[in-house]
Amino acid sequence: DWTPNLIMPLRFFQRFKIAPGLTLNLSKWGGSLSVGPPGAKFTFGTAGTRGTVGIPGSGLYYTEHNPLDRRRGKRGSPAPEGESAADRLDLGFFRRLITPPEEEAFVDGLRQIHEGDEAGAWNTLSQATAQADAAFMAGVLALKRQQPEAAIDCFSSALDRGETLGELFRKYEIRPTVSLSITDHIDARIEPAARGIALALAEAYQMSAQWSEALDVLESIHAAQPEDSVVTLSMVEILAAEIATPDAYQRVVSLTRDADNTDEIRAAICYWKGRALHELGLHTAARDALTLAFRRKKDRSDAFLLAVQYERACVYDALGKKTRAREEFERIYAADPGYEDVSSRLGLVG
């Protein structure tokens with residue numbers, strides 16, 4: 001598996017903060033080989049995995065982990081089996097004579113990341129984006145380097161050559177997976193296939209504040225996979241937080257009509273539904289949506305719970321329920337005295 005540490009563009013989850021370090025794991029197709037730089041290995045499928053959802057072959061799926069088991073699973077990786085990744089990524093003198101230049105750059109770029117040379121890999125792969133798999137990997141590196149415009153170019157190039165995606169990875173028996181951390185418990189995993197790359201492209205657009213372009217890409221994923229709650233959450237967040245027009249709020253309500261609170265992602269969808277209803281002046285419905293989002297607190301981040309509680313307090317205030325609103329604001333203040341404008345709402349500052 002290939003696992004750069006990227007953060008999905010979701011509020012409450014450290015939006016756009018890209019973690020340092022780049023992890024490379026290369027798994028042999030159909031096998032259990034797992035390799036990577038010393039101290040930088042990670043293996044999916046450990047005891048911490050609770051379940052994976054997605055459409056096979058789509059290149060886009062999500063894995064939920066048990067936090068305690070997941071920590072235990074990081075103690076080590078399985079021992080390598082069979083031919084090493086270094087061997088598969090060594091063309092040798094004679095093979096180089098008959099290998100097309102962009103295929104050669106693809107192999108060299110993977111080997112450089114395997115060896116920990118991220119800058120060298122970027123220089124190599126960014127020169128070979130006419131090859132779909134090289135463009136995919138160059139896009140991943142561009143996101144990691146916080147260069148969204150370069151990532152947009154690379155991912156767009158990979159999608160334009162979608163019929164050849166995965167060819168070189170299969171040829172060299174390497175299966176890459178980019179893992180984007182959604183929450184402490186959920187990872188989004190993308191492979192070199194159209195919908196997975198589209199999600200990465202949407203991330204790059206959001207990173208560069210190109211909201212309409214990001215929304216267009218997410219719409220295309222949503223049309224093919226409407227049950228994908230992560231994509232739905234990304235869409236409603238852009239609509240409610242960035243576009244923020246009455247039409248956008250109505251679109252949020254339409255997208256979230258079946259919202260529930262079965263996990264943190266769906267709870268966040270309930271939150272944005274409540275925000276949109278509040279903005280539309282439908283305060284009773286907003287209160288109901290936010291109460292649903294706040295109903296379960298186990299496994300929910302503190303940042304998320306405070307955001308829901310604050311929004312619900314504002315809704316109570318809009319409903320004229322001043323006592324209930326003040327109770328909520330007091331609880332927020334007790335948890336975080338500097339949160340938003342809570343102290344002024346409570347009359348504690350001038």
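Modeller: What follows is a set of questions and answers about this predicted model.

Biologist: How many helices and strands does the protein chain have?

Modeller: The secondary structure comes to 17 helices and seven strands. Of the 350 residues in the protein chain, 52% are buried.

Biologist: Why are helices H7 and H9 called roughly antiparallel?

Modeller: The axes of H7 (residues 148–160) and H9 (residues 194–207) cross at roughly 160°. Angles over 145 degrees count as roughly antiparallel, and therefore H7 and H9 get that name. Their axes come within 9 Å, and H7 passes H9 in a left-handed crossing.

Biologist: Which residues of H7 and H9 make the contact?

Modeller: On the H7 side they include Pro148, Ile152 and Phe155. On the H9 side they include Ile197, Leu201 and Met207. By class, this contact has 14 nonpolar, one polar and no charged residues.

Biologist: What makes H15 and H16 roughly antiparallel?

Modeller: The axes of H15 (residues 302–318) and H16 (residues 322–335) cross at roughly 155°. The cut-off is again over 145 degrees, so H15 and H16 are roughly antiparallel to each other. The axes come within 8 Å, and the crossing of H15 past H16 is left-handed.

Biologist: How do the residues of the contact of H15 with H16 divide by class?

Modeller: They divide into nine nonpolar, one polar and six charged. Among the residues that make the contact are Arg312 and Asp317 of H15, and Lys322 and Glu328 of H16.

Biologist: Why are H13 and H15 called roughly parallel?

Modeller: The axes of H13 and H15 cross at roughly 25°. Angles under 35 degrees count as roughly parallel, so the term applies to H13 and H15. These axes come within 11 Å, and H13 passes H15 in a left-handed crossing. Residues of H13 including Ala268 and Tyr271 meet residues of H15 including Phe304 and Val308. The contact of H13 with H15 has nine nonpolar, one polar and three charged residues.

Biologist: How do you know that the count of disulfides is what it is?

Modeller: A disulfide needs a pair of cysteine sulfur atoms within 2.5 Å. By this rule the count comes to zero.

Biologist: What makes cysteine 270 and cysteine 314 buried or exposed?

Modeller: Buried means under 20% relative accessible area. Cysteine 270 has 1% relative accessibility, so it counts as buried. Cysteine 314 has a relative accessible area of 10%, and it is therefore buried too.

Biologist: Where does threonine 256 lie, and is it buried or exposed?

Modeller: Threonine 256 lies in the loop between helix H12 (246–255) and helix H13 (264–279). Its relative accessible area is 1%, so it is buried. Leaving out residues up to four places away in sequence, threonine 256 touches Val236, Ile269 and Lys273.

Biologist: Why is arginine 161 called partly exposed?

Modeller: Partly exposed covers values between buried, under 20%, and exposed, over 50%. Arginine 161 is at 28% relative accessibility, so it counts as partly exposed. This residue lies in the loop between H7 and helix H8 (167–171).

Biologist: What does arginine 161 touch, not counting residues up to four places away in sequence?

Modeller: Arginine 161 touches Thr129, Ala130, Gln131 and Ala132. The C-alpha atoms of arginine 161 and alanine 130 are separated by 8.1 Å, with the two residues 31 apart along the chain.

Methods: Residues are numbered from 1 along each chain as its sequence is written. This is a predicted model: local features need pLDDT of at least 70, side-chain atom pairs count only at pLDDT 80 or more; totals for chains, interfaces and linings use all residues. Side-chain values use heavy atoms; hydrogens and water are left out. Axes are lines fitted to C-alpha atoms, for helices over the stretch in contact, and angles run from 0 to 180 degrees between N-to-C directions. Helices (H or I, at least four residues) and strands (E, at least two) are DSSP runs, numbered from the N terminus. Angles under 35 degrees count as roughly parallel, over 145 as roughly antiparallel, 65 to 115 as roughly perpendicular and the rest as oblique. A crossing is left-handed if the near helix is turned anticlockwise from the far one by less than a right angle, and right-handed if clockwise. Contact means heavy atoms within 4.5 Å. Ala, Val, Leu, Ile, Met, Phe, Trp, Tyr, Cys and Pro count as nonpolar, Asp, Glu, Lys and Arg as charged, and the others, Gly among them, as polar. Buried means under 20% relative accessible area, exposed over 50%, partly exposed in between (1.4 Å probe, protein chains only).
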